[in-house]
Amino acid sequence: MFNDFSQPSIEDILQEIYNVSSPIAIDTETTGLNWISDRAFGFSFATANTSYFLRNSLYPIEALREVLKAIFDSKRPLVFHNLKFDAHMIKKTYGIEVPFIRSHDTFTISYLHNNEERHGLKALACKYLSPDADKYEKFLHDYMKEYNISSYASAPDHLLGIYGKKDAEYTYQLYTLLYPQLLMNDKKWYEIERQILKITYQMEEHGILIDIPYVKGLIKKIEIELKRIESEVQSNVGFPIDILSDDQIAKVLYEKEKIPILRRTTPSPTFPN
């Protein structure tokens with residue numbers, strides 16, 4: 001399963017990028033999930049024709065920066081799964097900004113497509129691409145457990161190579177499958193979500209200014225108003241109630257007021273006598 005990993009030259013990789021006409025999917029492999037303290041130890045990318053995994057330990061950082069710059073300058077649509085996270089990792093590790101204006105996020109696309117399903121890359125790949133799409137991840141986890149390896153960053157090149165390439169391939173395939181459907185149904189909302197992703201990324205990168213005295217005063221006003229509303233609700237209901245409790249509010253609405261239940265989205269709560 002993991003015996004077809006190769007280490008192509010940077011020149012061959014750049015030539016592939018220069019010739020590509022399809023979208024390019026990108027995925028980072030990282031030392032952890034905290035974008036502030038962790039870093040990428042490599043990245044993969046996939047096109048319609050091929051995929052690559054480039055590990056920091058196998059190539060000079062300057063060469064990898066050149067590859068990313070070529071990808072971002074290619075004017076092709078860029079695809080990530082959890083765009084904001086990968087953008088942070090690429091900026092922190094390679095010093096390059098992801099061009100959000102041409103970037104798409106299959107995590108967001110999946111959420112708009114069906115917000116009730118799981119949106120992890122492997123879960124989506126198993127559902128939409130192949131039932132055993134997670135076999136590479138399972139194999140890698142079993143290997144790491146057998147040899148007491150705690151981090152992906154310490155896994156052998158030939159294992160990480162195929163695993164990383166598959167992540168990029170799945171991201172590309174999910175985009176080509178789900179994005180056309182989204183354009184027909186939720187294009188407006190997706191464009192709003194894309195703008196929000198860029199704004200929240202910038203907020204996380206640069207921080208935001210907060211007027212602390214104003215916020216403290218606002219909190220005090222809200223607490224006073226909340227107590228007033230709670231007192232008014234309890235007066236109307238006729239018994240003490242926590243207005244922040246979904247179960248207690250449901251008891252008032254559906255048991256006391258007899259409001260009809262049109263449909264259930266969660267199991268019915270069990271109310272105390």
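The model is predicted: local features need pLDDT of at least 70, side-chain atom pairs count only at pLDDT 80 or more, and totals for chains, interfaces and linings use all residues. Residues are numbered from 1 along each chain as its sequence is written, and side-chain values use heavy atoms, with hydrogens and water left out. The chain has 10 helices and 5 strands; these are DSSP runs numbered from the N terminus, with helices (H or I) of at least four residues and strands (E) of at least two.

**Overall form**

- Along the principal axes, the C-alpha atoms fill a box of roughly 75 × 45 × 45 Å.
- Of contacts between residues at least 6 apart in sequence, 65% join residues at least 24 apart. Contact means heavy atoms within 4.5 Å.

**Surface and charge**

- Of the 273 residues, 40% count as buried. Buried means under 20% relative accessible area, exposed over 50%, and partly exposed in between (1.4 Å probe, protein chains only).
- The chain carries 32 positive and 38 negative charges, whose mean positions are 5 Å apart. Lys and Arg count as positive, Asp and Glu as negative; His and the chain ends are not counted. Charges are placed at NZ of Lys, CZ of Arg, CG of Asp or CD of Glu.

**Salt bridges**

- There are 16 salt bridges, each a side-chain nitrogen of Lys or Arg within 4 Å of a carboxyl oxygen of Asp or Glu.
- Asp-157 pairs with Arg-55 at 2.8 Å, N to O. The pair links helix H7 (residues 157-185) to strand E3 (residues 51-55), 102 residues apart. Asp-157 is partly exposed at 28%, whereas Arg-55 is buried at 6%.
- Lys-135 bridges to Asp-132 at 3.8 Å. Lys-135 is partly exposed at 32%, and Asp-132 is partly exposed at 37%.
- Lys-138 bridges to Asp-134 at 3.4 Å. Asp-134 is buried, at 18%.
- Shared partners join Lys-91, Lys-92, Glu-97 and Glu-205 into one salt-bridge network.

**Val-233**

- Val-233 lies in helix H9 (residues 212-237). It is partly exposed, at 26% relative accessible area.
- Leaving aside neighbours within four places in sequence, Val-233 contacts Ile-241 and Ile-243.
- The C-alpha atoms of Val-233 and Ile-243 are separated by 7.9 Å, and the residues are 10 apart along the chain.
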